[in-house]
Amino acid sequence: MVGVVCGMERCVGRVLRRIFLYPGIAAFAARQTMRRCRCSSSGEDKEESNQVTSMLKHLIFKVKSTGPITVAEYMREVLTNPVKGYYLHRDMLGEEGDFVTSPEISQIFGELLGIWIVSEWMAAGKPEVFQLVELGPGRGSLMDDILRVFHQFRSMMGKCDISVHLVEVSPKLSELQAIKLTGKKIPSEPDGSPVYKKGTTVTGLPVFWYYHLQDIPQGKCFYLAHEFFDALPIHKFQKTKHGWMEILVDIDTEVPDKLRFVLAPTTTLSAKAFIQSGETRDHVEVSPAAGVIIQELARRIENSGGAALITDYGHDGQKTDTLRGFCGHKLHDVLIAPGTADLTADVDFSFLRRMSEGKVASLGPITQQEFLKNMGIDIRLKILVDNSKDPATCQQLLSSYDMLTNPGKMGLRFKFFAMLPHIRLSAIDQEITSKKSKSLQLPVAGFSKIVFQ
């Protein structure tokens with residue numbers, strides 16, 4: 001079995017080597033590194049503007065009408081309210097926005113995730129039909145990089161029936177994605193259809209847009225979710241001498257146009273439902289929305305095969321209070337000027353793992369630094385730098401690499417987590433047991449080191 005596993009790793013290694021050595025896949029593989037990323041701990045002072053936004057007026061009216069609201073309801077209104085939601089009507093990415101993501105920093109990131117999908121496609125027996133799905137595609141940069149990888153392997157994958165499916169709630173971002181992927185604006189489909197946009201990518205693949213994961217047709221899919229789960233609404237709970245109490249958002253009694261956090265007067269049903277027995281922390285954040293989506297992904301992978309790769313900043317059940325806001329690449333008080341800043345919380349990967357148990361196998365979380373190095377980012381960087389004649393390009397490549405892998409920047413804060421069919425790993429596990437080998441790593445790209453040839 002060791003020989004079989006090593007053979008699979010070498011096979012993936014050959015695929016990686018082919019793309020790494022190909023000079024045309026990323027003629028300029030380092031997008032300009034932004035000054036700050038959303039995960040940076042730059043020590044900037046919090047934004048203290050007390051701007052009375054239309055969203056704040058809406059929330060004050062809501063609280064006056066119904067009483068204090070949960071943090072989850074607050075996040076849902078601030079981020080995705082159809083009229084005033086932060087995500088719905090703006091481009092929040094990039095230097096002029098509020099944060100920057102890994103795909104916007106360097107094309108190498110997208111290339112490596114594209115190779116991950118290719119390796120899992122090979123491990124799945126090279127199915128002739130599959131769907132490539134991304135949740136929250138941002139500006140479309142990651143998908144664009146991945147499709148370029150697919151196009152490079154058209155001799156191997158060209159006969160496959162591949163379609164692209166994007167889950168996006170923001171009209172503004174879906175417009176940017178369409179321009180990035182198809183080269184033009186795409187009109188919306190008539191109301192009532194689960195597909196609200198459709199077109200053809202510049203590489204000739206059909207692409208579809210949806211508001212909900214559940215609307216994507218069943219079938220073998222490879223799923224990506226990069227900085228998607230961190231923006232899903234969370235409930236916050238505090239342990240007190242009276243038991244677990246939910247944290248709510250209320251109107252400040254001393255400043256009528258300001259909001260504040262308060263504790264529910266009694267234990268809520270949410271606290272009883274979401275807090276695990278034996279919980280040792282005194283503050284817990286739970287995202288039921290994340291649990292629902294993970295269960296849907298797990299069900300689809302269990303029934304139809306495929307795989308999911310989730311990338312986000314988060315923890316494995318250790319952290320407590322992580323809710324924060326970002327505006328103009330600076331930390332921002334989450335209750336000040338709602339609707340003008342991004343709201344985000346670290347993903348609890350232990351919760352995602354619990355939600356997927358029984359249906360699929362999971363790997364991780366491991367750090368972004370470890371994943372990218374396992375995928376061969378050092379080799380790819382060396383080749384690009386060696387082939388570059390422009391000192392400025394070399395500097396941008398090195399700066400982007402540092403941003404992605406440096407432990408003090410994105411390298412440790414961001415984690416990778418994968419969900420795979422049980423059959424993908426069970427045969428290997430059985431052979432490992434029979435051989436009594438404890439040192440063999442699972443041949444899943446990124447989660448074990450690839451052998452290059």
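Mentor: Start at Glu 77, which is buried, with a relative accessible area of 13%. Buried here means under 20% relative accessible area, exposed means over 50%, and partly exposed is what falls in between, using a 1.4 Å probe and protein chains only. Keep in mind that this is a predicted model, where local features need pLDDT of at least 70 and side-chain atom pairs count only at pLDDT 80 or more, while totals for chains, interfaces and linings use all residues. Numbering runs from 1 along each chain as its sequence is written, and side-chain values use heavy atoms, with hydrogens and water left out.

Now for the partner of Glu 77. Lys 62 forms a salt bridge with Glu 77, and their closest N and O atoms are 3.7 Å apart. The cut-off for a salt bridge is a side-chain nitrogen of Lys or Arg within 4 Å of a carboxyl oxygen of Asp or Glu. This pair links distant parts of the chain, with Lys 62 in helix α2 and Glu 77 in helix α3, 15 residues apart. Helices are DSSP runs of H or I with at least four residues, strands are runs of E with at least two, and both are numbered from the N terminus. Lys 62 itself is partly exposed, at a relative accessible area of 21%.

Lys 62 also meets the side chain of Glu 73 in a salt bridge, 3.3 Å from N to O. Glu 73 sits in helix α3 (residues 71-80) and Lys 62 in helix α2 (residues 54-66), so this pair ties together parts that are 11 residues apart in sequence. By the same rule, the count of salt bridges comes to 23.

An α-helix has 3.6 residues a turn, so residues three or four places apart point the same way. Glu 296 counts as buried at 11% relative accessibility, and Arg 299 as partly exposed at 28%. Back where we began, salt bridges that share partners join Lys 62, Glu 73, Arg 76 and Glu 77 into one network.

Stay with α10 for a moment. Helix α10 has 17 residues (288-304), and at 1.5 Å a residue it should span 24 Å; its end C-alpha atoms are 24 Å apart, which agrees. The expected span is 1.5 Å times one less than the number of residues. Its buried residues include Ala 290, Ile 294, Leu 297 and Ile 301. Among the elements covering them are β2 (129-135), β6 (221-226), β11 (306-315), α11 (349-356) and β17 (414-420). Just after α10, Gly 305 takes a positive phi of about 85°.

Phe 417 is buried, with a relative accessible area of 0%. The residues it touches include Leu 309, Phe 349, Leu 352, Gly 364 and Phe 447, leaving out residues up to four places away in sequence. Contact here means heavy atoms within 4.5 Å. The C-alpha atoms of Phe 417 and Gly 364 are separated by 4.7 Å, although the two are 53 residues apart along the chain.

Next come the nonpolar cores. A nonpolar core is a set of buried Ala, Val, Leu, Ile, Met, Phe, Trp, Tyr and Cys residues joined through side-chain atoms within 4.5 Å. The largest one has 59 residues, and Leu 309 and Phe 447 are among those with the most contacts inside it. Helix α5 (residues 107-123) gives the most to this core, with 10 residues. Apart from this core lies another, of 34 residues, including Ile 216 and Ile 294.

To place all this in the whole, the protein has 16 helices and 17 strands. Of its 453 residues, 56% count as buried. Among contacts between residues at least 6 apart in sequence, 76% join residues at least 24 apart.
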